[in-house]
Amino acid sequence: MTRRHRASWLHFSPRSSQSSAVQHDRVAKALVAAAASADPRAVGRILHPGVELTVDAGGKVPAPRSALSGASEVGRYLSGVLLDPAATLRVASVNGMSGVVVCRGGKVTGILGIRLRRRRIVQAWLVVNPDKLTGWDVE
């Protein structure tokens, strides 16, 4: 991954509009509900066929070294993270739009930011690097 590409996703800022904010909130809530149902297919239905997921682990926790592509591959990975019985999820503002906060044992262990196309997730950024999660409080 190039430095330019890495910088672009680290500073992700979705287009802002009221309708976009409403859609992000609906999709983030649908993702949390899909995880609560423990149905990986429900997670997959929220993903655009061309979805890409970048995971920022900072070399601190196990994670894919490159971006994942496609609803099948991204769905499997996100299902592993979001459907973990030890995880609790909540919708929160991530870079100004609704996203998902993942907690385990009262500690934030992941932040998922999303960008939509036609009410489906087309790009996602999952930050699991503990150094970048220190400012998140568990509610």
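Buried means under 20% relative accessible area, exposed means over 50%, and partly exposed lies in between. Keep that scale in mind for these close-ups of a predicted model, which holds 6 salt bridges.

**View 1. Asp 25 and Lys 29 pair up within helix H2.** At 23% relative accessible area, Asp 25 counts as partly exposed.

**View 2. Asp 56 meets Lys 132 in a salt bridge.** Here the closest N and O atoms are 2.5 Å apart. Asp 56 belongs to strand E1 (residues 47-56) and Lys 132 to the segment after strand E6 (120-127), so this pair ties together parts 76 residues apart in sequence. Is Asp 56 buried or exposed? Asp 56 is buried, because its relative accessibility is 8%, and the cut-off is under 20%. Lys 132, in contrast, is partly exposed at 39%.

**View 3. Asp 84 and Arg 104 join their side chains in a salt bridge.** The N to O distance is 3.0 Å. Asp 84 lies in the loop between helix H4 (71-82) and strand E3 (87-94), while Arg 104 lies in strand E4 (residues 97-104); the pair links these distant parts of the chain, 20 residues apart. Asp 84 is partly exposed, with 24% relative accessible area, and Arg 104 is partly exposed with 25%.

**View 4. Asp 39, Arg 41 and Arg 45 make one network.** Salt bridges that share partners join these three residues.

Notes: Residues numbered from 1 in each chain as written. Predicted model: local features only at pLDDT ≥ 70, side-chain atom pairs only at ≥ 80, totals over all residues. Heavy atoms only, no water. Salt bridge = Lys/Arg side-chain N within 4 Å of Asp/Glu carboxyl O. Helix = DSSP H or I, 4+ residues; strand = E, 2+ residues; numbered from the N terminus. Buried < 20%, exposed > 50% of the residue type's maximum accessible area, 1.4 Å probe, protein only.
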